[in-house]
Amino acid sequence: MSAQPKLMPDIEGLAHQVDPLSRRGFFLTASAAAAAGYTLAAGPVRADAIHTDTTGLTAGEAKVKVYYARPANAQNPPIILVAMEIFGLHEYIKDVTRRLAKLGAFAVAPDYYFRKGTDLTKITDIPQLMPIVNSKPDAELFSDLDATVAWAKSQGGDANRLGIMGFCRGGRTVWEYAAHNKDLKAAVAFYGTVVDPPAQKSLWPKSPTELAPEMKAPVLGLYGEADQGIPLGQVDAMKAGLQSAGKTFEIKTYPGAPHGFHADYRPSYRKEAAEDGWNQMIAWFKKYKVLT
């Protein structure tokens, strides 16, 4: 009997997802998915994954290890960081970046795992990914995000209208960065874990729940009721911590939605929850003057 590596809470929800449609040819083959720029470790890729074009945008790779998109010829656009999942800068994350640019933002998705020298989008097995991404210290993560903001500012972005959003592990990053950066205006976390495994304590000193009293920006948390990796009890504890600390936040839970409900390239995608969550995010960024 072989022992399977224990998955982190933010990945556990993915591991239990059932693909009820794959037998009907609804998903891309692995080779086609890779050619389209999607990660393979996240499982089968939906054939109808959303694609946002670059019309009216300037988009591409930058030497600071980011993917960015911004409105072409825009003057001083707001900066929104896109905190990726553990799967690297694959097509879904790039598309989200373009979607934000279509809203008027200078959107930047940093590849904060680049020091590992491995293209995470090419790894096919989640247990192979975990030792790589779990070795990233929070202190280094914050430094990378701060450097990304500085780069975007140097390229004409408005750091006075700074936001961050992210998914899964990137959702945790959102909570953590909201406690780190006093200049952040607003943050949106899609199903980001709020309780860290004790084994990560040396690299991740405080979990989002422990950082609740230190939040420096309004945070919107979007969670799925059926997320098997992030129990609602943990979300409720986070909510209680923020309330007792007098912080500005909102947490919305979607009935029946699993982990990854916004990921339109995976079987976890739930259109209604994804679209509502996206609209909630836009409203949040507008409310706190990141977007106009």
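The expected span of a helix is 1.5 Å times one less than its number of residues. Keep that in mind for helix H7, residues 232-244, in this predicted model: its 13 residues reach 18 Å from the first C-alpha to the last, close to the 18 Å expected.

**Helix H7 and its surroundings**

- Val 235, Met 238, Gly 241 and Leu 242 are the buried residues of H7.
- Looking down the axis of H7, you find those buried residues within an arc of 120 degrees, so they line one face of the helix.
- What do the buried residues of H7 pack against? They pack against helix H6 (169-180), plus strands E9 (219-224) and E10 (249-254).
- Over on the other side of H7, Gln 243 and Ser 244 are exposed.
- After H7 comes Gly 246, with a positive phi near 70 degrees.

**Asp 227, buried without a salt bridge**

- Asp 227 sits in the loop between E9 and H7.
- Although Asp 227 is buried, it has no salt bridge; Arg 266, the nearest side chain of opposite charge, is 9.1 Å away.
- What the side chain of Asp 227 does reach is the backbone nitrogen of Gly 229, at 2.8 Å.

**Salt bridges**

- The count for the model comes to 19 salt bridges.
- One of them pairs Asp 144 with Lys 136, where the closest N and O atoms are 2.5 Å apart; both of these residues are buried.
- Arg 172 and Asp 196 also meet through their side chains, at 2.9 Å from N to O. This pair ties together distant parts of the chain, 24 residues apart: Arg 172 belongs to helix H6, while Asp 196 lies in the loop between strand E8 (186-190) and E9. Arg 172 and Asp 196 are both buried.
- Lys 201 and Glu 210 form a salt bridge too, at 3.0 Å from N to O.

Terms used: Residues numbered from 1 in each chain as written. Predicted model: local features only at pLDDT ≥ 70, side-chain atom pairs only at ≥ 80, totals over all residues. Heavy atoms only, no water. Helix = DSSP H or I, 4+ residues; strand = E, 2+ residues; numbered from the N terminus. Buried < 20%, exposed > 50% of the residue type's maximum accessible area, 1.4 Å probe, protein only. Arc of directions from axis to C-beta. Contact = heavy atoms within 4.5 Å. Lys, Arg positive; Asp, Glu negative; His and termini not counted. Salt bridge = Lys/Arg side-chain N within 4 Å of Asp/Glu carboxyl O. Polar contact = N/O pair within 3.5 Å; in protein donor to acceptor, adjacent residues only side chain to side chain.
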